[in-house]
Protein chains: 2
Amino acid sequence: MATTATVEVAAEPKYWHLRTVLVQAIESEFTTGQTLPNERDLSARFGVARATLRQALEQLELEGRLHRRRGAGTVVAGPRVDITIGTHDEGWPGVEPGDRDLVDGTTAAVPGRLAAQLGVRPRAMVHRVRRRQLSMRQPVGIECLYVPRAVVPRVPELLGDNRRAALVLRHLRNNTLEGLTRSVEVGVAEPEEARLLERPPGTAVLVVTTAYTAGGRTAALAVATYRADTCRLAFGEDAPIGARSAS
Amino acid sequence: MATTATVEVAAEPKYWHLRTVLVQAIESEFTTGQTLPNERDLSARFGVARATLRQALEQLELEGRLHRRRGAGTVVAGPRVDITIGTHDEGWPGVEPGDRDLVDGTTAAVPGRLAAQLGVRPRAMVHRVRRRQLSMRQPVGIECLYVPRAVVPRVPELLGDNRRAALVLRHLRNNTLEGLTRSVEVGVAEPEEARLLERPPGTAVLVVTTAYTAGGRTAALAVATYRADTCRLAFGEDAPIGARSAS
DNA sequence: CTTGACCACTGGTCTGGACCTGCGTACTGT
DNA sequence: ACAGTACGCAGGTCCAGACCAGTGGTCAAG
């Protein structure tokens with residue numbers, strides 16, 4: 001037994017102590033949008049290696065307290081963007097709707113994992129529609145909707161509007177939509193996703209997977225990928241809790 | 001005019017290429033629970049610095065493909081644990097219920113941000129109940145329930161059971177629970193949370209915040225923190241949306 | 001006034017070390 | 001047979017430095 005009577009406060013890692021100091025500095029001496037000193041100056045000021053400082057900055061970024069852009073600098077972030085995830089999929093409140101049409105078409109190149117969830121063969125033809133969501137001119141997420149051609153022969157042009165997957169499905173299937181199953185997990189952005197989200201590859205993202213059930217099978221799959229640093233998912237029938245007085 | 005006719009594949013970062021190679025290796029040559037070679041050997045084998053290898057490993061861990069334990073090694077992970085987030089908060093399917101009682105009591109030390117959401121003064125007395133959830137003997141999450149003493153004078157002993165926040169609230173308020181608002185976002189584990197979750201400080205976590213409305217105010221706040229690497233949040237399991245509205 | 005080349009500055013990537021600390025096992029004394 | 005210790009190995013932390021790659025401004029040429 002290595003039990004010693006001394007207090008031995010277990011010595012937090014240096015990067016965590018640094019994070020705490022930076023949080024206080026951010027909350028007391030800086031305001032939203034203000035640029036912090038560069039990493040080399042900060043590491044010198046705190047007497048740590050730049051790698052250690054970056055470990056603290058990365059956590060602050062993941063928390064949504066900082067935004068970092070190569071070539072530009074590190075700025076104090078504002079509150080996170082609320083992404084409303086409704087049971088009835090009515091639209092995108094607070095987000096400029098469907099700003100960019102990225103991909104519309106039918107493909108056989110569906111990741112095997114998704115093909116299994118859709119209940120189709122690995123190389124079956126599947127309609128794919130991808131949109132990017134922006135908020136205040138900044139990319140916040142990518143939504144990709146998969147519909148097997150076995151379910152819907154052709155994708156009508158109404159996909160170009162600003163509605164979400166369920167609404168599209170409702171049109172396509174003449175109100176046969178029966179239910180949905182949804183999951184949320186953390187993933188990392190692949191290079192192409194990272195480029196669309198204006199982040200480096202491997203950035204943490206929130207992945208919302210929604211399976212739409214119609215006619216006793218999974219008729220469509222919506223995979224939405226949001227920047228973990230800037231987004232918060234809001235659930236519930238009521239409006240999001242007012243975060244105005246939360247300083 | 002930087003446009004050249006060459007393909008110029010834009011050179012993925014080395015850590016991402018490494019990640020891709022490791023994913024293939026994991027899926028083809030390893031099985032769940034199997035231990036990978038140590039980091040020094042792996043970095044030598046792939047001809048990269050250990051820091052670069054670790055950058056790839058950290059992403060694989062965040063994706064839930066690997067589990068790393070100091071002193072033990074890096075093992076291939078199994079599928080993520082499904083955390084059921086129901087609208088009616090009926091319990092914890094698939095998770096050993098309420099394995100450890102951590103804190104039961106009344107405190108004035110509530111983070112200012114939570115006090116604001118609860119609609120109480122920063123130093124008001126608030127009941128706090130904290131539980132840790134395990135799955136297969138592994139810690140997966142921490143749930144903390146806050147109830148202002150202004151809402152409920154005393155916390156009855158039935159908090160010791162395995163039920164979730166809403167059920168408790170229903171008992172406390174005699175079925176006056178009116179609704180809830182829920183949000184999901186990414187955060188980092190503070191040292192104490194990290195210790196309970198058996199992870200280093202600053203580890204990415206999924207934070208599920210649920211505000212319970214009763215009597216026209218926020219009567220309680222449940223903050224659940226799950227390991228982002230091992231958990232997946234599941235919503236609306238087999239819950240058919242009864243709305244068959246004819247559009 | 002507009003355009004484009006240039007360039008200082010920023011965060012991003014990568015190296016090759018060093019040492020710390022938890023874990024598990026082998027050994028060893030009782 | 002058992003408990004305690006010692007030790008090797010694993011991942012975790014930290015360092016000092018180098019170079020890469022976008023950003024955004026300056027400034028001269030058209």
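**Reading the helices of a predicted model**

In this predicted model, 61% of the contacts in chain A between residues at least 6 apart in sequence join residues at least 24 apart.

Visitor: What makes up chain A, in helices and strands?
Guide: Chain A has six helices and 10 strands. Buried residues account for 36% of its 247 residues.

Visitor: Why are α2(A) and α3(A) called roughly perpendicular?
Guide: Their axes cross at roughly 105 degrees. Angles of 65 to 115 degrees count as roughly perpendicular. The pair is therefore roughly perpendicular. The axes come within 9 Å.

Visitor: Which residues make that contact?
Guide: From α2(A) come A:E39, A:R40, A:L42, A:S43 and A:F46. From α3(A) come A:R50, A:L53 and A:R54. Three are nonpolar, one is polar and four are charged.

Visitor: Which residues of chain A does UniProt list for "domain: HTH gntR-type"?
Guide: The unreviewed UniProt entry lists residues 12–79 of chain A. Over residues 12–79, chain A is 54% helix and 12% strand. The end C-alpha atoms of that stretch are 28 Å apart.

Visitor: How do you know that helix α3 of chain B has close to the expected span?
Guide: α3(B), residues 50–62, has 13 residues. The expected span is 1.5 Å times one less than the number of residues. For α3(B) that is 18 Å, and the helix reaches 18 Å from its first C-alpha to its last.

Visitor: What makes B:L53 of α3(B) count as buried?
Guide: A residue is buried if 20 or more other C-beta atoms lie within 10 Å of its own. B:L53 is listed as buried, as are B:A56, B:L57, B:Q59, B:L60, B:E61 and B:L62.

Visitor: What follows α3(B)?
Guide: B:G64 does, with a positive phi near 85 degrees.

Key
Residues numbered from 1 in each chain as written. Chains lettered and ligands numbered in written order. Predicted model: local features only at pLDDT ≥ 70, side-chain atom pairs only at ≥ 80, totals over all residues. Helix = DSSP H or I, 4+ residues; strand = E, 2+ residues; numbered from the N terminus. Buried ≥ 20, exposed ≤ 12 C-beta atoms within 10 Å, placed from the backbone. UniProt positions renumbered as here; feature names shortened; annotations may be inferred. Axes fitted to C-alpha atoms, helices over the stretch in contact; angles between N-to-C directions. Parallel < 35°, antiparallel > 145°, perpendicular 65-115°, else oblique. Contact = placed C-beta atoms within 7 Å. Nonpolar A, V, L, I, M, F, W, Y, C, P; charged D, E, K, R; others polar.
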